[in-house]
Amino acid sequence: MKQVNKKPGKQEPRWQTKISGGNFVDKFHAYRNLHAHALFSSLGRLVASRFSSAMTITVLAIAISLASGFYILVANLQQLAGNLEASNQISLFLKDEISEARANKFANTIRQNPDIQDVKVITKEQALAEFQTYSGFGDAVKALEKNPLPVVIQVLPKNSLKNELVLETLLDDFKRSTEVDFAQMDMQWVKRLQSIMDVARCGVTILSLLLGAGVLFITANTIRLELHNRRDEVVIAKLVGATNSFIHRPFLYGGFWIGFFSGVAAWFIVTTIMLILKQPIERLSGLYDDGFHVLFLGFTETLALLVISSVLGVVGSWIVLHFQLRQLKPE
Amino acid sequence: MLKFDNVSMRYPGAGDVLRNVSFHLERGEMAFLTGHSGAGKSTLLKLIAVIERCTRGRVLLDGENLNQAKDRQVPYIRRKVGLIFQDYKLLQDRTVFDNVALPLVIAGYGHHEVSRRVRASLDKVGLLGKEKKYPLVLSGGEQQRVGIARAVVNKPPLIVADEPTGNLDPELSAEIMHLFEQFQQVGVTILIASHDISLIAQMNHRILKLDHGQLVAS
């Protein structure tokens with residue numbers, strides 16, 4: 001009889017690579033306990049070294065709040081520009097000698113035009129009052145003998161009139177009217193504002209990327225120090241059979257806490273700044289008598305802020321663990 | 001249980017630290033590893049704990065070639081070897097209980113199992129009741145007992161001790177050695193590196209003697 005000798009091929013050695021001990025439920029509980037333990041012990045370490053943790057978190061929070069602060073600033077300006085964009089308003093500055101009666105008559109003629117949605121006459125007195133309230137030159141204006149401001153007619157073309165060419169013709173028509181000294185379409189500066197906004201948004205993106213990288217490396221450095229301080233613990237754990245993931249876990253959670261708390265602190269910084277700026281901004285927006293409200297960090301944005309800062313913390317510590325832990329070998 | 005098969009170890013620039021070392025420890029056997037400083041005792045132990053890998057030959061633990069183990073398998077090999085050190089290597093900021101529990105926590109045992117086994121292990125080394133103490137308040141002998149409790153808590157088939165009595169007086173040393181004999185009696189394989197010749201001579205166990213990297217007596 002021929003005996004087939006089965007040669008053992010390339011066989012995996014039979015070292016178990018699973019969690020050992022106890023039944024499945026016990027294992028699951030142990031796994032959960034390991035994570036809970038790492039989560040809370042890393043938090044405990046953060047609290048134990050209050051002073052240095054607070055310094056790190058403050059630095060990170062300032063970096064994060066700079067990025068998110070600029071973001072919310074641009075979002076506010078965006079909202080402003082968005083509101084203005086909706087109106088293709090044309091302002092007609094009438095000649096100085098035009099009386100209010102004539103101005104009203106002229107306004108009525110404009111109203112006849114089927115392309116026009118609304119016409120509003122701002123008298124010299126109204127203009128002056130508005131100027132006094134908002135310009136900050138109230139007293140100086142009072143000193144004037146004669147009201148220097150002209151009557152202004154605000155013309156709002158129908159929304160359907162999106163075509164720029166039609167608007168341009170309309171504007172040219174107004175410019176030719178004998179009553180009009182100067183006609184201006186608000187669109188033009190809205191467009192300029194839009195372009196400025198594009199630049200600002202681009203700037204915020206670049207700034208955020210830079211600050212994000214800063215946060216990443218500050219966290220990495222903090223975790224590196226922590227790793228250095230806990231060198232003995234890591235070495236002992238390795239000697240009694242700790243896997244790399246067991247050793248990584250508390251540091252990753254540590255990075256998570258640092259990132260998360262920095263995010264929370266950044267949220268408070270940004271919200272405080274917005275609360276301080278709220279009044280002056282709303283006064284400013286009153287000038288455009290739009291339904292403009294100061295935007296704060298909303299729910300989604302807050303969530304994104306916390307998630308991004310936490311992820312940066314975790315990634316920062318992961319980088320350090322990946323490159324530094326290999327060098328920590330038991331002696 | 002533990003087999004060295006023509007093992008040589010060469011550090012770059014330092015020459016051969018171990019030369020053609022061969023021996024076999026049976027399951028449940030207890031042996032001493034002696035030799036002058038620099039004879040290669042520590043290197044030999046490092047090969048068992050896979051801290052280093054030999055340049056030639058084979059180190060077999062439970063029939064498996066340690067040289068072929070992948071990096072991710074190393075932790076699981078170490079769980080089969082209870083390591084004991086001259087300087088105890090305890091975590092000073094953790095209680096006795098936490099120190100002893102570490103291997104079990106790492107292996108993922110549940111809370112009740114951890115608690116039960118730690119108590120059993122501390123009972124064996126005579127430290128039951130000191131779970132909540134910190135290592136610093138314990139005497140040297142007690143600290144080494146904590147180290148031993150930690151090494152046996154996971155019930156490894158092999159215990160490797162590097163100068164476990166190096167920092168202890170003769171009386172405590174004898175006690176610790178007696179403790180090792182008790183583990184041997186329940187079937188654990190034990191290898192103890194020591195240069196305390198008089199102590200070793202008192203005990204009737206196998207002696208492996210290293211001299212300049214070569215095994216001169218077995």
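Reader: Which residue ranges does the domain assignment of chain A give?
Author: This is a predicted model.

Reader: How many helices and strands does chain A have?
Author: Read along the sequence, the pattern is α-α-β-α-β-α-α-β-α-β-α-α-α-α. For chain A that gives four strands and 10 helices.

Reader: What share of the residues of chain A count as buried?
Author: Buried means under 20% relative accessible area. Chain A has 331 residues, and the share that count as buried is 37%.

Reader: Why does the span of helix α6 of chain B agree with its number of residues?
Author: Helix α6 of chain B, residues 170–185, has 16 residues. The expected span is 1.5 Å times one less than the number of residues, so 22 Å should be spanned. This agrees with the distance between the end C-alpha atoms, 23 Å.

Reader: Which residue just after α6(B) takes a positive phi?
Author: Within α6(B), buried residues include B:F180, B:F183 and B:Q184. Just after α6(B), a positive phi of about 100° is taken by B:G187.

Reader: Where does UniProt place the feature "domain: ABC transporter"?
Author: The feature comes from an unreviewed UniProt entry and lies in chain B. Its span is 34% helix and 27% strand, with end C-alpha atoms 14 Å apart. UniProt places the feature at residues 2–218.

Terms used:
Residues are numbered from 1 along each chain as its sequence is written. Chains are lettered from A and ligands numbered from 1 in the order in which they are written. This is a predicted model: local features need pLDDT of at least 70, side-chain atom pairs count only at pLDDT 80 or more; totals for chains, interfaces and linings use all residues. Side-chain values use heavy atoms; hydrogens and water are left out. UniProt positions are given in the numbering used here, feature names are shortened, and annotations may be inferred rather than shown by experiment. Helices (H or I, at least four residues) and strands (E, at least two) are DSSP runs, numbered from the N terminus. Buried means under 20% relative accessible area, exposed over 50%, partly exposed in between (1.4 Å probe, protein chains only).
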